[in-house]
Amino acid sequence: MNVLIFGAHPDDIEIGLGGTVAKYVDSGSNVLGVVVTVPYSEKERKNEALMAANILGCELRFLDISP
C-alpha cells in the first residue's frame, strides 16, 4: 500500500503520526511524508526532519511554500 502524509511544518509528521508511520512501514507500506513549509532555521529543521524520516523508514519531501 502507498501512504501519503502531509505536515504543515517539520516535526508535525513525527509528533502527530510517528507511531502510525512506523506501523505502516513495518507492515510493508511505502510512506511518503510531505512538509509544506519550514518557518525558521531552514537548514537545521530540514536536517532534523530528514533524520526523523530515516528513523521511521519513510521518504520525505519539502514543498517550501512561504507566506
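Let's start with Leu17, which touches Ile5 and Asp12, leaving aside residues up to four places away in sequence; contact here means heavy atoms within 4.5 Å. Leu17 sits in helix α1. Helices (H or I, at least four residues) and strands (E, at least two) are DSSP runs, numbered from the N terminus. With a relative accessibility of 34%, Leu17 counts as partly exposed. On that scale, buried is under 20% relative accessible area, exposed is over 50%, and partly exposed is in between, using a 1.4 Å probe and protein chains only. The C-alpha atoms of Leu17 and Gly7 are 9.5 Å apart, and the two residues are ten apart along the chain.

A quick word on what we're looking at. This is a predicted model, where local features need pLDDT of at least 70 and side-chain atom pairs count only at pLDDT 80 or more, while totals for chains, interfaces and linings use all residues. Residues are numbered from 1 along each chain as its sequence is written, and side-chain values use heavy atoms, with hydrogens and water left out.

Now, which residues make up the largest nonpolar core? There are eleven: Val3, Ile5, Ile13, Val21, Val31, Val35, Ala49, Ala53, Leu56, Cys58 and Leu60. A nonpolar core, by the way, is a set of buried Ala, Val, Leu, Ile, Met, Phe, Trp, Tyr and Cys residues joined through side-chain atoms within 4.5 Å. At least two core residues come from each of β1 (2–7), α1 (12–26), β2 (30–35) and α2 (42–56). As a general reminder, nonpolar side chains in soluble globular proteins tend to be buried together.

Next, the two helices. α1 and α2 pack at an angle of about 30°, and their axes are 9 Å apart. Those axes are lines fitted to C-alpha atoms, for helices over the stretch in contact, with angles running from 0 to 180 degrees between N-to-C directions. On the α1 side we have Glu14, Gly18, Val21, Ala22 and Val25, meeting Ala49, Ala52 and Leu56 of α2. By type, the residues of this contact are six nonpolar, one polar and one charged. Leu56 itself touches Glu14, Gly18, Val21, Ala22 and Val25, again not counting residues up to four places away in sequence.

So what lines the largest cavity? Ile13, Glu14, Ala49, Ala53, Leu56, Cys58 and Leu60 do. α2 provides the largest share of that lining, three residues. A cavity is a set of points, on a 1 Å grid over the protein atoms alone, where a 1.4 Å probe fits but cannot get out, and lining residues have an atom within 4 Å of a point.

Two loop residues deserve a look at their backbones. Asp11, in the loop between β1 and α1, has a positive phi of about 85° although it is not a glycine. Ser41, in the loop between β2 and α2, is also not a glycine, and its phi is positive, near 45°. Asp11 counts as partly exposed because its relative accessibility is 31%, and Ser41 counts as partly exposed because its value is 39%.

Last one: is Lys46 buried or exposed? Lys46 counts as buried, because its relative accessibility is 18%. This lysine is in helix α2, and Lys46 touches Val38, Phe62 and Asp64, not counting residues up to four places away in sequence. Thanks, everyone!

Key:
Ala, Val, Leu, Ile, Met, Phe, Trp, Tyr, Cys and Pro count as nonpolar, Asp, Glu, Lys and Arg as charged, and the others, Gly among them, as polar. On a 1 Å grid over the protein atoms alone, a cavity is a set of points where a 1.4 Å probe fits but cannot get out, and a pocket is an open set with protein on both sides within 12 Å along at least five of seven lines; lining residues have an atom within 4 Å of a point.
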